[in-house]
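Take a walk through this structure, one region at a time. Keep the sequence at hand as you go.

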Amino acid sequence: MKIPRIVRSPYAGFLLFSAVLAFLPPFLTNEYYLNLLIFIGIHAIIAIGLDLLLGYTGQISLGHAAFFGLGAYITGVLSAKASWPPIAGLVVALVGVGILAYIIGIPTLKLHGHYLAMATLGFGIIVQIFFKELDFLTGGPSGLVGIEDMTIFGYAFDSDLKYYYLVCVSLLLTLLLSINVVRSRVGRALRAIHGSEVASSVLGVNVSRYKVGIFVLSAVYAALAGWLYSHYMTFVSPSSFGFMFSIKLVTMVVIGSLGSIWGAIFGAALLTSMPEFLHVFANYETTVFGFILVTVMVFMPRGLLRGLEDMIIRVFKSLSDHETVKEP
Amino acid sequence: MSHTIVLNTVGLSKDFGGVKALRELDLEVRERLIQAVIGPNGAGKTTLFNVISGVIAPTGGTVFFKGEEITDLPTHRIAHRGLTRTFQNLQLFADMTVLENVMVGMHHKSRGGFFASAIKAPWVIAEERRVRDESMEWLRFVGMEEHSATVAGSLPFGNQRILELARGLASRPELLMLDEPAAGLNTRETQDLAQLIIRIKESGVTVLLVEHDMELVMSVSDHVTVIDQGHKIAEGEPDSVRNDENVLKAYLGEE
């Protein structure tokens, strides 16, 4: 069976996804689901960036919660302490985090495997300590209060519905840029680095430059998510940006399917929403959650999205096999 | 001879701890010829390739490419100058398609960066088309165009070797170094490979070849250098090397 070209184009998926996001809110029976979707969107933005780094380029980061936190704190501090408008906070957060990621990335990405994991882990812990100890700026362990509501050029995003659409636009923009990057010369270079660093370099790929470049891009995505988070919550505290959240981000990408942008969104949706639905298990919530994750990895080692794809392909194959058998 | 020197090494040495893999090796490679480097196992052939291509740094000595020193250049810069290689133990991008592998070969013959790619600038779209078309041409050159959409890791071994060659060619090198291209190939595939190597030479590319298959070496090479324990022990035309006393000693041992 031949799949039509338009359906296989990544932009078809993108348009369909945009339409679903746009028309979803009226179907939500509960205001609370809108709140959940906002968090899913924010997490998905970080997960997409982390997937570019981990799934496509093969470089691990156990410190991405720190970039998320830096984005949130930079705009938060500017808003709460200096009354800067959110849009100015966004610019400073993106540029600041980008520069920091560049400086961190140059020495760190020379490391491989476990050493890279340890270095990024250490970075994440250090940043969290700064959040806790710089009391005069960050409000210390109890958190930063007084962050302004989101307004962009005078327009106030003063309801969950408006905020939902702001997050959707940010997510779709991130998604579109990422789809373009992975389907380009840059994307090929990143996947080539994942495949063989030495072969990439003898073909003229500047391996360290691309590694640092994608590290910066993924950090900037996380900072964008932090900005959205900060002005939605109007309160940030260090505990939201710790090691456990970094691990959760990696889990989103792995469970979703490494090296698939759609998988990253899927993983973010699953890992953000599942704990909410597992509340019914009360004390056993974490146990059930862990059991589900292990089950997925055992039966779908390539992640949920690819696992489902494989299943669908198998079903189609067995169907078309039946057809060919019938023909004389 | 009208062929000018394209690559030469002067006093090239490489120690791995106490092991001297290369000792004061002088090598000259002349343009538009096929030159083979042969020698017993452990002679330092692969080390030589790794040092020339910038994968590892030499302990001493210099490498000149087209008259300019490239000894301390990073690998990707050496590639930009027009020198690339294949690997004895294949280094394909196994999860990418055959065509994509070749397209990576054209990396430094194209320019699209992060920003231009992310916003899909019109010139990037045009460049992508050019890269795709030219890469297909290279697949046609090696006779693999029907495999273009196959995932590289699932190709038969012989095709994987050829794909690595096509990928190297796509980077339009002046010097292509082949590290045991016939290893693991059957007789038929080796014959096809010999034809391909000769066609590569005819297209104007210089070939430096490390190979154990003597039949292949003798049939395609214009010039043969024999090394043993990091030393050059003989060189010349295939026939003269074949009967060289030192070479026989190195391969068969002393009487």
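Leaving aside its neighbours within four places in sequence, which residues is A:Ala47 in contact with? This is a predicted model, and the answer is read from it. The partners of A:Ala47 are A:Leu249, A:Met252, A:Val253, A:Gly256, A:Ala264, A:Ile265, A:Gly267 and A:Ala268.

The largest nonpolar core has 161 residues. A:Ala47 is among those with the most contacts inside that core, together with A:Ala44, A:Ile48, A:Ala223, A:Ala225, A:Val253 and B:Ala166. Helix 11 of chain A supplies the largest share of this core, 17 residues. In soluble globular proteins, nonpolar side chains tend to be buried together.

Stay in chain A for one backbone detail. A:Ser257 sits in the loop between helix 12 (243-256) and helix 13 (261-277) of chain A. Its phi is positive, about 140 degrees, although A:Ser257 is not a glycine. Most residues other than glycine have a negative phi. Is A:Ser257 buried or exposed? A:Ser257 counts as buried, because 24 C-beta neighbours lie inside 10 Å and the cut-off for burial is 20 or more.

Now look at where the chains meet. The contact takes 22 residues from chain A and 31 residues from chain B. On the side of chain A that touches chain B, the elements that give two or more residues are helix 8 (160-182), helix 9 (185-195), helix 10 (197-202) and helix 11 (207-233). Helix 9 of chain A gives the most, with seven residues. By type, the residues on this side of chain A divide into 11 nonpolar, eight polar and three charged.

Cross over to chain B and its antiparallel sheet. Four strands form an open sheet in the order 2-1-4-5, and the pairing is antiparallel. Which strands stand at the edges? Strand 2 and strand 5 (68-69) of chain B do, each with a single partner strand, so one side of each is left without a neighbour in the sheet.

Follow the pairs one by one. Strand 1 (residues 5-16) of chain B runs antiparallel to strand 2 (residues 19-30) of chain B, and eight bridges join them. B:Asn8 has B:Glu28 in strand 2 of chain B as its bridge partner. The hairpin of these two strands has two residues between them, and B:Gly17 there takes a positive phi near 60 degrees. Strand 1 of chain B also pairs with strand 4 (residues 60-65) of chain B, in the antiparallel sense, over five bridges. Here B:Asn8 stands opposite B:Phe64, and B:Val10 stands opposite B:Thr62.

B:Lys66 is found in the loop between strand 4 and strand 5 of chain B. Its phi is near 50 degrees, a positive value in a residue other than glycine. B:Lys66 is partly exposed, with 15 other C-beta atoms within 10 Å.

Helix 1 (residues 45-52) of chain B lies across strand 1, strand 2 and strand 4 of chain B. Helix 1 runs at about 65 degrees to strand 2 of chain B.

Chain B has parallel pairing too. Strand 8 (residues 206-210) of chain B is joined to strand 3 (residues 34-38) of chain B by four bridges, and the two run parallel. B:Val37 stands opposite B:Val210 in strand 8. Strand 7 (residues 175-179) of chain B also pairs with strand 8 in the parallel sense, over five bridges. There, B:Leu176 stands opposite B:Val207.

How many residues of strand 8 of chain B are buried? Five of its five residues are. B:Thr206, B:Leu208 and B:Val210 point one way, B:Val207 and B:Leu209 the other way, and all are buried.

End with two helices of chain B. Two packed helices are described by the angle between their axes and the distance between the axes. The axes of helix 3 (residues 98-105) and helix 5 (residues 122-142) of chain B come within 9 Å and cross at roughly 110 degrees. These two helices are therefore roughly perpendicular to each other. From helix 3 of chain B, B:Val98, B:Leu99, B:Val102 and B:Met103 take part. They meet B:Val131, B:Arg132, B:Ser135, B:Met136, B:Trp138 and B:Leu139 in helix 5 of chain B. The residues of this contact divide into eight nonpolar, one polar and one charged.

Notes:
Residues are numbered from 1 along each chain as its sequence is written. Chains are lettered from A and ligands numbered from 1 in the order in which they are written. This is a predicted model: local features need pLDDT of at least 70, side-chain atom pairs count only at pLDDT 80 or more; totals for chains, interfaces and linings use all residues. Two residues are in contact if their C-beta atoms, placed from the backbone, lie within 7 Å. Ala, Val, Leu, Ile, Met, Phe, Trp, Tyr, Cys and Pro count as nonpolar, Asp, Glu, Lys and Arg as charged, and the others, Gly among them, as polar. Axes are lines fitted to C-alpha atoms, for helices over the stretch in contact, and angles run from 0 to 180 degrees between N-to-C directions. Angles under 35 degrees count as roughly parallel, over 145 as roughly antiparallel, 65 to 115 as roughly perpendicular and the rest as oblique. Two strands pair if DSSP finds at least two bridges between them. A nonpolar core is a set of buried Ala, Val, Leu, Ile, Met, Phe, Trp, Tyr and Cys residues joined through C-beta atoms within 7 Å. A residue is buried if 20 or more other C-beta atoms lie within 10 Å of its own, exposed if 12 or fewer, and partly exposed in between; C-beta atoms are placed from the backbone.
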